[in-house]
Amino acid sequence: MCLKMFTGIVNNIGQIKSVEPLAHGLTVVIACDIKLLDIELGDSISVNGVCSTVTHYDSLSFTVQYLSETLDKTSFKTLVVGDYVNLESSVTAQTKMGGHFVSGHIDGVGYLDELVQSDPWGKIVVKFDDVLKPNFIYKGSVCVDGISLTVSEIKDNFFRCDIIPHTFENTILKYKSVGQCVNIECDMFGKYVLRSLELGIDHGK
């Protein structure tokens, strides 16, 4: 179980080097700039928003393993060699909280309905399942493939996020296209509030 935290600020882009079956799961090797991640054995790394444990590494790549539960809940069941992934090291006492609190536990998979990269601004529109509807609010936080974003519009089963040039340049959004799936993690604090309301907990007592 991953108990680390992230911020949703991507600090490296990796590329899938190999995907091999492992009993009820996968072993995945990711090529990247290891120095930027300051990797050690057993570290937690956010890979497209999924908290992943480093089981092996060398100067050019690191290895992670995913059980069927993770594959069922994320976009990783479609991983292929050559895919690009967003990477972020877990939070330390020295980390700047530039994004929002991200657990690395995916709530669902969405699909890119629109992706516009213009000069200088852009946007993405993500379609999501009904079960996630209560978790989104206007101007609230959402993590999409490990990227901390702000919801700028919500309608039916879609939310829009406006994208600044820096985000396009430094994440895998520049490699994405309409119709592709993305990992969604809803705002952690919003989920706690929603759960409290569901249970009828009165925190004022």
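**Close-ups of a predicted model**

**View 1. S103, a buried serine in a loop.** S103 comes out as buried, at 11% relative accessibility (buried is under 20% relative accessible area, exposed over 50%, partly exposed in between, with a 1.4 Å probe and protein chains only). Look for S103 in the loop that runs between strand 7 (84-89) and strand 8 (108-117); strands here are DSSP runs of E, at least two residues, numbered from the N terminus. A polar atom of the S103 side chain sits 3.1 Å from the backbone nitrogen of H105.

This is a predicted model, where local features need pLDDT of at least 70, side-chain atom pairs count only at pLDDT 80 or more, and totals for chains, interfaces and linings use all residues. Residues are numbered from 1 along each chain as its sequence is written, and side-chain values use heavy atoms, leaving out hydrogens and water.

**View 2. The D130 and K133 pair.** These two form a salt bridge, with 3.8 Å between the closest N and O atoms (the term means a side-chain nitrogen of Lys or Arg within 4 Å of a carboxyl oxygen of Asp or Glu). D130 is exposed at 52% relative accessible area, while K133 is partly exposed at 38%.

View 3. From R160, the closest N and O atoms are 2.7 Å apart in the bridge to E153 and 3.1 Å apart in the one to D162. E153 is partly exposed, at 36% relative accessibility, and D162 is partly exposed too, at 42%. Across the structure there are five salt bridges.

Methods. Helices (H or I, at least four residues) and strands (E, at least two) are DSSP runs, numbered from the N terminus. A polar contact is a pair of N or O atoms within 3.5 Å; within protein, one must be able to donate a hydrogen and the other to accept it, and residues adjacent in sequence count only if both atoms are side-chain atoms.
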